[in-house]
Amino acid sequence: MRCMSADKRTLARRFARGMATYDGAAVVQREMAERLVAELLSAPGAGRFDRVLELGCGTGLLTQRLLARCRPARLVLNDLVMECEGTARRMRRQAPGVPVQFVHGDMETVAFPHPQDLIASSAVLQWAADSRALLTRMAGLLEPGGLLAIASFGPSNLREVSQLTGVSLRYWSCGEWQAALAEHHVVLSGREELRTLWFPSARDVLRHLKQTGANALDSGPWPPARVAWFCRTYEATFGQDGRVPLTYHPVFMVARKRSDGGSRR
Ligand SMILES: C[S@@+](CC[C@H](N)C(=O)[O-])C[C@H]1O[C@@H](n2cnc3c(N)ncnc32)[C@H](O)[C@@H]1O
């Protein structure tokens, strides 16, 4: 298996194109946003957060839930895609008393206001080129005692597609997340699950990947012969009773920045 990171320009283009269809197709991502907020609110001492930063807000599946259930006093939303500023505008209408700022750019390099009391992100961090450096960066933005709530994907994510194409993102396991987070944080919870979606055909799987932006590892469209080969092989390899599976592997982590504020080393 070849582990790749995505070209950020391709990523931004694919997500911008998928925005109109994302909410309808992103069944698992919606469940992840819901579950992440539940995990966050069950952390000891979690309740209201004054200053909240969300990385990769997209169309706002997590944002809406953060606004409704964590009642931030102010919210900073970030995304690589400029069009996500529309999400910030919608959220200002949803919660007129809450200042909502949009920071356009790459979460790995763009400047964010700080300190923050909560940094949250769902279905985004798997796209980071250097997750470890990003976690260190997030620790630098958090107030000591502040919380980090992350939903991302584990190594079995989209395993049917990686098995046929031979390429995958470098997904971290729950244990790898915990070890990396422990550098600057106390890990409060770490959970993972497998979730299978079923489709009538492999073409529907491809359409679903496009609508959710999950096809952003490919730099361009596949030639028709490759699409035909992929669909034939996918259905022959994974088909059951006239339908095909697609596996998701969500991982949920909640961690508190150590109150000494720094690294263990
Ligand atoms: C699968 S969507 C998830 C959106 C939203 N968080 C949700 O739960 O539905 C991934 C989002 O992350 C954004 N993204 C990916 N890489 C990013 C980066 N390096 N910096 C900021 N945003 C990024 C994409 O543009 C996209 O909007």
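Which residue has a backbone N or O atom 3.2 Å from a nitrogen atom of the ligand? That residue is Leu80. Such a pair is a polar contact, meaning N or O atoms within 3.5 Å; within protein, one must be able to donate a hydrogen and the other to accept it, and residues adjacent in sequence count only if both atoms are side-chain atoms.

The model is predicted, with local features requiring pLDDT of at least 70 and side-chain atom pairs pLDDT 80 or more, while totals for chains, interfaces and linings use all residues. Residues are numbered from 1 along each chain as its sequence is written, and side-chain values use heavy atoms, without hydrogens or water.

An N or O atom in the side chain of Asp79 is 2.6 Å from a ligand oxygen atom, and a polar side-chain atom of Asp106 lies 2.9 Å from a ligand nitrogen atom. The protein covers 98% of the 600 Å² of accessible area that the ligand has on its own (Shrake-Rupley method, 1.4 Å probe).

I turn now to strand β11. Helices (H or I, at least four residues) and strands (E, at least two) are DSSP runs, numbered from the N terminus.

Strands pair if DSSP finds at least two bridges between them. Strand β6 (residues 142–153) runs antiparallel to β11, joined by 7 bridges, and Leu148 stands opposite Ala255. Strand β8 (residues 185–192) also pairs with β11 in the antiparallel sense, over 7 bridges, and Val186 has Arg256 as its bridge partner.
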